[in-house]
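Subject: Structure handover

Hi,

Here is the structure we talked about. Please open it alongside this message; my notes follow below.

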Amino acid sequence: MLAERLPGILPDLDVDSAIEAAALRSLRGLPVGAELDLRPPFQAPHHTASAVALIGGGSGMVQPGALSLASHGVLFLDEAPEFPRTVLDSLRQPLESGRITIHRARMSATFPASAQLVLAANPCPCGNAGAADLECRCTPMQQRRYLARLNGPLLDRVDLQLRVEKAGIATVRMQADGVVGSRSTAEVADAVRLARARAAARLAPLGCGRNADLSGGALRRPELRPAPGATESVDRALARGQISMRGYTRIQRVAWSLADLEGVARPTADHIAEALYYRVRTAAGGQ
Ligand SMILES: [Zn+2]
């Protein structure tokens, strides 16, 4: 449900991105409306979909896959451990570079691939592990093997990793009654729009618009340094080998986004610690 709400809180696409999204749909033979659609795309391919449908390819004309159709929007892989390992592996490089090149015997084609990737996974094959009122019949080995399909280099590229408990009926009732606080999609969308605008104003002199576009080098520039002493927690995690250098860079980008959401001039130690928490929580053993 959260993944499906995500496009709703993203700002409208700029005209160039919207034209690109429409062109990709058209290449794939999908309907394109008479008016330019400015809403970010959402793609949620099933784990039984072919590698061509997901990544792109085809025997005749090389066609874009769901990964490219989700560009500037969201690519959601539900039950991610069920996807073939080769498909998950082939997402890594495009997620890093924002583009994917598909080689065929007589031609190759490069498509955009700058989607926001959302993965969802059960804690075990039966889905009941950790739930208070349900019994899990999976062995510890089965649980480990299941989550191990997502471990390593792919998870290193996932910035926010959250363990979500099964919502009990009491929680659902409290949400319906407004007892448990929740913000509407429109309210969150406003906050995201403001945060994006702050980032865009700050990053315009560097020639990029989003925190996600910042390179490690750009993040070392004096004007993008976090508050003094703010990086102590993440420096320690790097020294201990808990995070990679790539992870270090990605934590700083997330911390900038957290600061932008709060309207703070630069990330504090709290923002950095929160970004670190999202990253190492599940990577360190899935707990
Ligand atoms: Zn289980």
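Along the chain, the donors of the zinc ion are spaced as C-x1-C-x9-C-x1-C. The model is a predicted one. The donor atoms are the SG atoms of Cys 124, Cys 126, Cys 136 and Cys 138. Their distances to the zinc ion run from 2.2 to 2.4 Å. The site is tetrahedral, with angles of 106 to 114 degrees among the 4 donor atoms. For reference, four tetrahedral donors have ideal angles of 109.5 degrees.

Cys 126 and Cys 138 both sit in the loop between strand S7 (116-119) and helix H6 (140-148), so this pair ties together parts that are 12 residues apart in sequence. Cys 126 is partly exposed, because its relative accessibility is 38%. Cys 138 has 14%, so Cys 138 counts as buried; the cut-off for buried is under 20%.

Confidence next. The protein chain has an average pLDDT of 88. A score of at least 70 is reached by 93% of the residues. Residues 283-287 fall below 50. Beyond near neighbours in sequence, that stretch makes 5 contacts in the model. Where pLDDT is low, the predicted coordinates should not be read in detail.

Now helix H8, residues 185-203. At 1.5 Å a residue, its 19 residues should span 27 Å. The C-alpha atoms at its ends are 26 Å apart, which agrees. Which residues of H8 are buried? They are Ala 189, Val 192, Ala 195, Ala 199 and Leu 203. These cover an arc of only 130 degrees around the axis, so they are on the same side of H8. On the face turned away from the buried side, H8 carries the exposed residues Ala 186 and Ala 201.

Ala 191 is also in H8. Leaving out residues up to four places away in sequence, Ala 191 touches Arg 183 and Leu 261. Ala 191 and Leu 261 are 70 residues apart along the chain, yet their C-alpha atoms are separated by 6.5 Å.

Helix H10 (residues 232-239) can be read in the same manner. Its buried residues include Ser 233, Val 234 and Ala 237. They cover an arc of only 90 degrees around the axis, which puts them on the same side of H10. Glu 232 and Ala 239 are exposed, on the face turned away from the buried side. Just after H10 comes Gly 241, with a positive phi of about 80 degrees.

Ser 68 is in helix H4 (residues 66-69). Its relative accessible area is 1%, so Ser 68 is buried. Setting aside neighbours within four places in sequence, Ser 68 is in contact with Leu 24, Ile 100, Phe 111 and Pro 112.

Leu 150 lies in the loop between H6 and helix H7 (169-176). Leu 150 is buried, because its relative accessible area is 7%. Not counting residues up to four places away in sequence, Leu 150 touches Ala 80, Pro 81, Leu 88, Leu 119, Ala 121 and Leu 155. Leu 150 and Arg 85 are 65 residues apart in sequence; C-alpha to C-alpha, they are 8.6 Å apart in space.

Last, some backbone angles to check. Most residues other than glycine have a negative phi. His 72 has a positive phi, near 70 degrees. His 72 lies in the loop between H4 and strand S4 (74-77). With a relative accessibility of 26%, His 72 is partly exposed. Glu 79 also has a positive phi, near 50 degrees. Glu 79 is in the loop between S4 and helix H5 (85-97). Its relative accessible area is 33%, so Glu 79 is partly exposed.

Best wishes

Notes:
Residues numbered from 1 in each chain as written. Predicted model: local features only at pLDDT ≥ 70, side-chain atom pairs only at ≥ 80, totals over all residues. Heavy atoms only, no water. Helix = DSSP H or I, 4+ residues; strand = E, 2+ residues; numbered from the N terminus. Expected span 1.5 Å × (residues − 1). Buried < 20%, exposed > 50% of the residue type's maximum accessible area, 1.4 Å probe, protein only. Arc of directions from axis to C-beta. pLDDT = per-residue confidence, 0-100. Contact = heavy atoms within 4.5 Å. Donors = N, O, S within 2.8 Å, 3.2 Å for Na, K, Ca; no water. Tetrahedral: all angles 85-135°; square planar, octahedral: opposite > 155°, others 65-115°.
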